[in-house]
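Welcome, and please open the model in your viewer. We will go from stop to stop, selecting a few residues each time.

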Amino acid sequence: MLKKRDIHDSHALYEHIVHPDVFPFVRQKASSFEEYLFLTKQTIEAEERGELISRTILDEWGSPIGTISLFDIQDKAGFLGTWLGKPYHGKGYNKLAKDAFFHELFYELDIETIFLRIRKQNVRSTKAAQKLPYVVNANETRASLLEQINNGEDLFNLFEITKDLYTFYTYHHSLEADEHQLKEA
């Protein structure tokens with residue numbers, strides 16, 4: 001489902017990124033394949049320096065279909081950035097990728113907080129974030145951070161996922177699944 005970023009996946013990913021339903025919401029915009037190749041190389045190098053964590057999202061056949069990254073890492077926290085190619089929207093890949101990525105971040109890489117910075121005009125992503133039971137609206141609790149991210153042209157809502165809340169949710173969810181299996185047995 002996820003693998004470390006690889007320069008060899010760039011062509012397939014670039015084909016997805018240029019779609020008009022995807023491109024406006026991608027953090028690392030590239031106007032050509034060569035530029036995307038360069039950005040991918042920079043991403044791999046930035047991960048080696050500990051500045052970000054980035055993975056390629058794969059479909060069930062191992063084909064690259066998007067990326068998921070944690071940018072601007074400081075004090076065991078960072079900002080989530082994720083995108084999927086248009087043919088994969090609404091098919092459950094986003095949830096699977098986030099579950100795998102959050103598990104890696106929280107339990108293997110010692111991240112404590114994941115922030116979601118979602119453009120106010122991006123209704124689809126806002127609704128998706130609000131559906132997740134471990135996501136908290138942080139517009140008021142992190143007002144100074146919200147002010148920092150809203151200093152440009154775009155306006156954002158800020159959401160937060162903490163390791164504790166995610167752990168509570170996954171533990172509670174696994175208990176419910178275990179209880180359900182016992183009832184069926």
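A crossing is called left-handed if the near helix is turned anticlockwise from the far one by less than a right angle, and right-handed if clockwise. Helices (H or I, at least four residues) and strands (E, at least two) are DSSP runs, numbered from the N terminus. This is a predicted model, in which local features need pLDDT of at least 70, side-chain atom pairs count only at pLDDT 80 or more, and totals for chains, interfaces and linings use all residues. Residues are numbered from 1 along each chain as its sequence is written, and side-chain values use heavy atoms, leaving out hydrogens and water.

**First stop: two helices.** Select residues 10-17, helix 1, and residues 33-48, helix 2. Helix 1 passes helix 2 in a right-handed crossing. On the helix 1 side, the contact (heavy atoms within 4.5 Å) is made by Ser10, His11, Leu13, Tyr14 and Ile17, and helix 2 brings Phe33, Tyr36, Leu37 and Thr40.

**Next: salt bridges.** Here a side-chain nitrogen of Lys or Arg lies within 4 Å of a carboxyl oxygen of Asp or Glu. The structure holds eleven salt bridges. Select arginine 27 and aspartate 72, whose closest N and O atoms are 2.8 Å apart. Arginine 27 lies in the loop between helix 1 and helix 2 and aspartate 72 in strand 3 (residues 64-74), so this pair ties together parts 45 residues apart in sequence.

Now move to glutamate 45 and lysine 41, a salt bridge with its closest N and O atoms 2.7 Å apart. These two are four residues apart in helix 2, separated by about one helical turn.

Definitions and conventions. Axes fitted to C-alpha atoms, helices over the stretch in contact; angles between N-to-C directions.
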